[in-house]
Amino acid sequence: MAKSKHEYKALTHNNQKLGTEIRVLNFGPSVDPDVCVLESSKTHPDDESCDVESRCYNDNLESVFKTLRLRLEWLKKQDPETIVEMAIGELKIALRFSRVMWFRISVNGSVPTYPSAKLISLLRDMLGLLRIADVAVHFPVETRKKAERYSKHLSDLCVVRASVSYGRFINADYAASYVVKRRYQTPKQKLAVTRKYLLHDGLAVKANCQGDRLAVICPFEGYVAKHNCKIGQVPWQHKCTACKACSDDSKQIIFLDT
Ligand code: SF4
């Protein structure tokens, strides 16, 4: 039997309900200096690095799940342009046969720090397809400068959201997210943080953000924190696709690490 040209597909997918799915595009492992802007690899003039580098939940997962790690390592060895070309082909087929409800870039790792013109052009083709099919896109990156680098070419097709420190978050006049530190804290500290952020019954809060953007707590992580439950117990109403805040330029997102 002929060996397939590629060992893996570019996209992974989760089935939602019959005929509907979420698609994910990764470029490599998390906390990887080749794709992520880390404290040790940050360069002037960016002068910023990933705010959650030392508590990245994916880093742990990727060391436990061997299949996932192998796949991410394989993705890292491919040209980013090749990955997006493959993704476009896979997406065309997926859109023909099912309803893609949500497209997430970089669940693991990040996009290349300095995208080539060809990569931008291919991303535009891919995002154009998603736009025509009315698929919401979550495109997070780990610094504001990186967000700017992508956003200036892609902002008409999707929101590129910067994950930043609290200080930057409350002053941000661009799409941003902030991850509240709960992990590696004592149960008492965790509870105090949860109370502070889930002050009201609703899972949305207004924060002192600049501009007109409304800050919302991710309902998925809010639910886990509030009910102290496993992620598999979160009802669909609190998950991506029911919530599309990350793809919405008018929202600032607060994540509570679980
Ligand atoms: S805020 Fe909404 S869209 Fe963003 S990760 Fe949470 S559930 Fe998904």
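**Strand pairing, burial and ligand surroundings in a predicted model**

The model is predicted, and local features require pLDDT of at least 70, side-chain atom pairs count only at pLDDT 80 or more, and totals for chains, interfaces and linings use all residues. Numbering of residues starts from 1 along each chain as its sequence is written. Strand β1 covers residues 11–15 and strand β2 residues 20–25, and the two pair in the antiparallel sense over five bridges (pairing requires at least two DSSP bridges). Four residues lie between these strands, and Gly19 in the hairpin adopts a positive phi near 85°.

In total, the protein chain contains eight helices and eight strands (DSSP runs numbered from the N terminus: H or I of at least four residues, E of at least two). The C-alpha atoms occupy a box of roughly 60 × 45 × 35 Å along the principal axes. The radius of gyration of the protein chain is 18 Å, which agrees with the value near 18 Å for a compact globule of 258 residues (C-alpha atoms; 2.2 Å times the number of residues to the power 0.38). Of the 258 residues, 37% count as buried (20 or more other C-beta atoms, placed from the backbone, within 10 Å of the residue's own; exposed, 12 or fewer; partly exposed, in between). Contacts between residues at least 6 apart in sequence join residues at least 24 apart in 68% of cases (contact: C-beta atoms, placed from the backbone, within 7 Å).

The mean pLDDT of the protein chain is 86, and 91% of the residues score at least 70 (predictor's confidence in each residue, from 0 to 100). Among the elements, α4 has the highest mean pLDDT, 98, whereas helix α7, residues 187–197, has the lowest, 75.

Ala133 belongs to the loop that connects α4 (117–132) with β4 (136–141). This residue counts as partly exposed because it has 15 C-beta neighbours inside 10 Å. Leaving aside residues up to four places away in sequence, Ala133 touches Leu95 and Val100. Between Ala133 and Lys9 there is a C-alpha to C-alpha separation of 21 Å in space, and the two are 124 residues apart in sequence. Helix α5, residues 144–154, has Arg144, Lys146, Ala147, Arg149, Tyr150 and Ser151 buried. The elements that cover these buried residues include β4, β5 (160–163) and α6 (166–170).

Most residues other than glycine have a negative phi. Val31, however, has a positive phi near 45°; this residue is located in the loop between β2 and α1 (57–64). Val31 counts as buried because 20 C-beta neighbours lie inside 10 Å. A positive phi, near 50°, also occurs at Asn228, in the loop between α8 (219–227) and β8 (251–256). Asn228 is exposed, since 11 other C-beta atoms lie within 10 Å.

The ligand is surrounded by Cys218, Pro219, Phe220, Lys239, Cys240, Cys243, Lys244, Ala245, Cys246 and Ile253 (C-beta atom, placed from the backbone, within 6 Å). Eight residues of this shell are nonpolar and two are charged, with no polar residue (nonpolar: Ala, Val, Leu, Ile, Met, Phe, Trp, Tyr, Cys and Pro; charged: Asp, Glu, Lys and Arg; polar: the others, Gly among them).

Notes:
Contact = placed C-beta atoms within 7 Å.
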